[in-house]
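Welcome, and please open the structure in your viewer. We will go from stop to stop, selecting a few residues each time.

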Amino acid sequence: MSRIALVTGGTRGIGAATALVLKQAGYRVAVTYAGNEAGAQRFREATDIPAYQWSVADFAACQRGVDRLATELGPVEILVNNAGVTHDSMLHKMTHEAWESVIGIDLGGCFNMCRAVIGGMRARSFGRIVNIGSVNGQQGQVGQANYAAAKAGILGFTKALALETASHGITVNAIAPGYTATDMVTAVPAAILETIVARIPVGRLGKPEEIARAVLFLVADEAGFITGSTLSVNGGQHM
Ligand code: CAA
């Protein structure tokens, strides 16, 4: 029986590409989305992948969602923590709400989801967790103190959980995507994005599928010796 994978924030962007690549590879896939009901419906119809609505920032909702998935599909064996938001502004203008929401969703969501699945993974002595970080968590970025902090936090979280679970058949890795052609990146003002792309050695934005292929590699049963690592997929922007 093929393994069950859950991708958070999976109805668009890197998450949707990951869900599709995993499905095409034979995994049984489900995704979560936070609020865009119409987008989720289009995704369900286009892919035939079940999409569940809950906020990864809501601890209890994550637990309930994972329990519901266990009865409807089976236990989560592969978790891809992809859900994330940006709320960019210079720190001297950043609101407390912009800080709290990005930390709560991007980093808090990673904890909430891992907390919900980790007991089952330990009990079954198998698990694959991939946390989606960012090049900007590695190198920082103007206007992203909140996002860079959350994404850097994900890298430390990944290593700590990898150590805790290494002897239980569970791997925990991070992928740090560079600027990828998604709604999140195309929202960056065009003139600024142009200067950013000019500094990417490969000379273009990444494609969501290019991040998805890296996830596929890390979640394989055969990838059991890779844990606690950060795989950079960024066109050479940061080394
Ligand atoms: N590098 C260096 N300096 C920069 C800069 C950059 N990338 N971007 C802006 N600045 C400088 C400006 O030149 C300006 O300097 P001065 O005050 O000396 O003139 C100063 O920072 C303020 O810039 P703005 O006038 O643009 O300020 P603003 O308040 O209007 O906007 C901002 C600030 C919202 C941060 C805007 O610059 C912006 O959107 N920047 C892009 C941020 C970004 O890259 N976000 C990534 C989103 S995608 C993502 O996060 C996915 C992923 O994982 C990669």
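## Stop 1: a loop residue

Begin by selecting T8, which sits in the loop between β1 and α1. Keep in mind along the way that this is a predicted model. Is T8 buried or exposed? With a relative accessibility of 1%, T8 counts as buried, because the cut-off for that is under 20%.

Now show what surrounds T8. Setting aside neighbours within four places in sequence, T8 is in contact with T32, V56, L79, V80, N81, N82, A83 and M113. For A83 there is a distance to look at: its backbone nitrogen lies 2.9 Å from a polar atom of the T8 side chain.

## Stop 2: the largest nonpolar core

Next, select L22, Y27, V29, V31 and I175. Of the 30 residues in the largest nonpolar core, these five touch the most other members. The elements that give two or more residues to this core are β1 (4–7), α1 (13–24), β2 (28–33), α2 (37–47), β4 (78–81), β5 (127–132) and α9 (208–219). Which element provides the largest share? That is α9, with 7 residues.

Stay with Y27 for a moment. Apart from neighbours within four places in sequence, Y27 is in contact with S2, R3, L22, I78, L216, V219 and A220. A second, separate core holds 23 residues, including A30, W54, C62 and L69. As background, nonpolar side chains in soluble globular proteins tend to be buried together.

## Stop 3: rings

R3 lies over the face of the F126 ring, at 3.5 Å from the ring centre.

How many aromatic pairs are there? The count comes to 2. One of them joins F59 and F111: the pair is stacked, 6.1 Å centre to centre, with 15 degrees between the planes. This pair links distant parts of the chain, with F59 in helix α3 (residues 59–72) and F111 in helix α4 (residues 96–124), 52 residues apart. F59 is partly exposed, at a relative accessible area of 40%, and F111 is partly exposed with a value of 40%.

## Stop 4: the ligand

Finally, select the ligand and the residues around it. There are 18 surrounding residues, and the closest are D88, K93, S134, Y147 and Y179.

- **S134:** a polar side-chain atom lies 2.6 Å from an oxygen atom of the ligand.
- **K93:** a side-chain N or O atom is 2.7 Å from a ligand oxygen atom.
- **Q144:** a side-chain N or O atom is 2.9 Å from an oxygen atom of the ligand.

Definitions and conventions
Residues are numbered from 1 along each chain as its sequence is written. This is a predicted model: local features need pLDDT of at least 70, side-chain atom pairs count only at pLDDT 80 or more; totals for chains, interfaces and linings use all residues. Side-chain values use heavy atoms; hydrogens and water are left out. A nonpolar core is a set of buried Ala, Val, Leu, Ile, Met, Phe, Trp, Tyr and Cys residues joined through side-chain atoms within 4.5 Å. Buried means under 20% relative accessible area, exposed over 50%, partly exposed in between (1.4 Å probe, protein chains only). Helices (H or I, at least four residues) and strands (E, at least two) are DSSP runs, numbered from the N terminus. Contact means heavy atoms within 4.5 Å. Rings of Phe, Tyr and Trp (its six-membered ring) pair if their centres lie within 6.5 Å; planes under 30 degrees apart count as stacked, over 60 as edge-to-face and the rest as tilted. A charge sits over a ring if NZ of Lys or CZ of Arg is within 6 Å of the ring centre and within 35 degrees of the ring normal. A residue is near a molecule or strand if one of its heavy atoms lies within 4 Å of it. A polar contact is a pair of N or O atoms within 3.5 Å; within protein, one must be able to donate a hydrogen and the other to accept it, and residues adjacent in sequence count only if both atoms are side-chain atoms.
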